[in-house]
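Thank you for making time for this today. I would like to walk you through one model, taking its pockets, then a salt bridge, and then a pair of helices.

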Amino acid sequence: MTYTPPPVEMPRCPGPSMQDILKADGEAAPTVLREESFLDLGDQPLSVERYTSRTFHDREVEKMWRKVWQMVGRVEQISNIGDHIVYEIADDSLIVTRTSETEIKAYYNACLHRGTRLRDEGGHVQAFRCPFHGFTWGLDGTLKGVPCRWDFPTLKDEDFRLPEARVATWGGFVFINMDPQCVPLEEYLGDVGRHFETWPLEKRHLAAHVSKVVHANWKVAQEAFMEAFHVLDTHPEIEACMGDWNAQYDVYQGGHSRLYNAMYVPSPRITQSGQGIPEQDLANMSAPLLGLNGTVAVTESGTARQALAQRYRLILENKTNMDLSGYTTSEMLDLIQYFVFPNFFPWAGLGAPLVYRFRPNGNDPDSCLMEVMLLVPRSENGERPAPAEHHRLGPEESWADATELGDLGPIFDQDTANMPRVQAGLKTTRKPGVTLGHYQEVRIRHMHHVLDRYLDAPD
């Protein structure tokens with residue numbers, strides 16, 4: 001379903017907009033990158049309790065987490081019959097398993113005898129056997145074994161089938177929904193599903209999967225990645241190579257949104273001050289961010305963006321045996337980050353093959369689990385690589401310790417350093433609410449508007 005919001009005049013930063021930069025590239029960019037979708041959602045403050053209150057957290061669990069589609073993993077992580085992953089959100093735990101070549105099911109992770117968790121972690125099994133007394137279920141969820149069957153005279157096999165959540169797949173991802181009355185996933189995704197027809201994520205493979213417990217509410221953590229406003233102070237070393245004020249923010253029906261941000265152009269903060277940066281100098285300082293060695297030469301009539309995209313394209317073509325000539329400069333370089341409510345961030349294009357996911361850490365409103373995945377193009381001439389193992393960082397480890405993330409690790413360390421400060425500040429502030437920018441933080445406000453729809457819905 002395509003959603004066309006009413007026309008609203010968008011606030012504009014000084015300097016070129018993202019659409020101006022796209023036009024300056026002089027290429028036929030995909031239609032979805034030339035679209036804009038802004039809604040004026042006002043300027044009301046957000047209450048602090050949304051981030052600090054256990055009561056608010058409990059409402060989220062009951063009225064939102066148990067009603068929404070949630071990404072739980074990649075299809076390639078459960079490629080064989082009997083492969084499974086365990087997905088947890090607050091008190092809910094589900095076993096997501098492949099039951100046949102064409103079917104994936106999600107079972108609530110509890111024995112129907114006395115409630116014991118059936119699986120503590122993912123793996124491969126032929127059946128699900130309770131470690132306490134040995135009650136056993138087949139991969140199809142049917143009861144297969146009851147110890148001392150004589151002692152359960154009223155037990156009926158049909159009543160002891162493992163309860164299931166809804167399951168669907170999209171883009172090579174597996175989703176679950178605990179609400180039996182939920183809308184189909186395709187309808188839930190709305191504009192996001194339409195946009196990603198341009199960049200099919202099922203043609204990628206999971207090259208890295210790293211997680212860390214962060215001492216902040218899950219919304220504090222993910223909101224740090226929903227705007228580029230923070231670049232100057234949090235990532236000052238890349239300001240000369242990245243737009244921030246001129247990022248484009250789009251919001252869509254269903255609660256989803258997009259951040260579209262130009263790379264390898266100076267921030268308007270720099271150009272406004274009269275500090276011009278020669279294109280060759282810009283290419284020289286930008287090349288390391290793309291992992292490019294040596295000098296990237298800019299032609300007299302060309303731009304740093306064009307030169308960087310051309311070199312980066314050749315490297316990826318050699319790695320993947322893919323023809324990437326159809327990808328524009330923007331698709332090769334820029335940050336095109338989508339958000340699927342409530343906590344899933346798939347990135348489009350090839351500039352940053354990232355996926356984020358954020359979840360509460362159990363029932364603690366003051367901490368969360370942040371996950372980063374790298375989803376890279378796979379070779380068209382070879383077998384699909386095995387999915388990366390989940391790397392869980394310990395309390396004393398930093399993102400930089402996850403070498404599989406490359407140069408991204410230290411950047412995530414800069415981001416996550418802010419999060420406990422925000423959580424602590426929210427508890428000590430005497431200001432009645434959180435103030436958001438009208439345009440640059442509209443995605444955050446939009447997410448809370450959608451969250452309120454779930455919280456305010458009748459039981």
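**Pockets, a salt bridge and a helix pair**

Let me begin with the second largest pocket, which holds about 870 Å³ of space, and please keep in mind throughout that this is a predicted model. Its lining is made up of 30 residues, and those closest to the centre of the pocket are I85, V86, G122, H390 and R392. The elements that each contribute two or more residues to this lining are β2 (70–74), β3 (83–89), β12 (204–214), β17, β18 and β19 (390–392). Of these, β3 gives the most, with seven residues. If we sort the lining of the second largest pocket by class, we find 11 nonpolar, 10 polar and nine charged residues.

Now to the largest pocket, whose volume comes to about 1,200 Å³. Here 50 residues form the lining, and L289, G351, A352, P353 and L408 are the ones closest to the centre. Two or more lining residues come from each of β14 (257–261), α10 (304–320), β15 (335–339), β17 (354–361), β18 (364–377) and α12 (408–428). Which element gives the most to the lining of the largest pocket? That is α12, with six residues. By class, the lining of the largest pocket divides into 32 nonpolar, 11 polar and seven charged residues.

Let me turn next to the salt bridges, of which the model has 23. One of them joins the side chains of D25 and R305, with a distance of 2.7 Å from N to O. Because D25 sits in the loop between α1 (18–24) and β1 (46–47), whereas R305 belongs to helix α10, this pair ties together parts that are 280 residues apart in sequence.

Finally, a word on helix packing, where two packed helices are described by the angle between their axes and by the distance between the axes. Helix α3, residues 54–65, packs against helix α13, residues 442–455, at an angle of about 75°, and their axes are 9 Å apart. The two helices, α3 and α13, are therefore roughly perpendicular to each other. On the α3 side the residues in contact are F56, R59, E60, K63 and M64, and they meet L451, Y454 and L455 of α13. Sorted by class, this contact between α3 and α13 has five nonpolar and three charged residues, and no polar ones.

Conventions. Residues are numbered from 1 along each chain as its sequence is written. This is a predicted model: local features need pLDDT of at least 70, side-chain atom pairs count only at pLDDT 80 or more; totals for chains, interfaces and linings use all residues. Side-chain values use heavy atoms; hydrogens and water are left out. Axes are lines fitted to C-alpha atoms, for helices over the stretch in contact, and angles run from 0 to 180 degrees between N-to-C directions. Helices (H or I, at least four residues) and strands (E, at least two) are DSSP runs, numbered from the N terminus. Angles under 35 degrees count as roughly parallel, over 145 as roughly antiparallel, 65 to 115 as roughly perpendicular and the rest as oblique. Contact means heavy atoms within 4.5 Å. Ala, Val, Leu, Ile, Met, Phe, Trp, Tyr, Cys and Pro count as nonpolar, Asp, Glu, Lys and Arg as charged, and the others, Gly among them, as polar. On a 1 Å grid over the protein atoms alone, a cavity is a set of points where a 1.4 Å probe fits but cannot get out, and a pocket is an open set with protein on both sides within 12 Å along at least five of seven lines; lining residues have an atom within 4 Å of a point. Grid points are joined across faces, edges and corners, and a volume is the space filled by probe spheres set on the points. A salt bridge is a side-chain nitrogen of Lys or Arg within 4 Å of a carboxyl oxygen of Asp or Glu.
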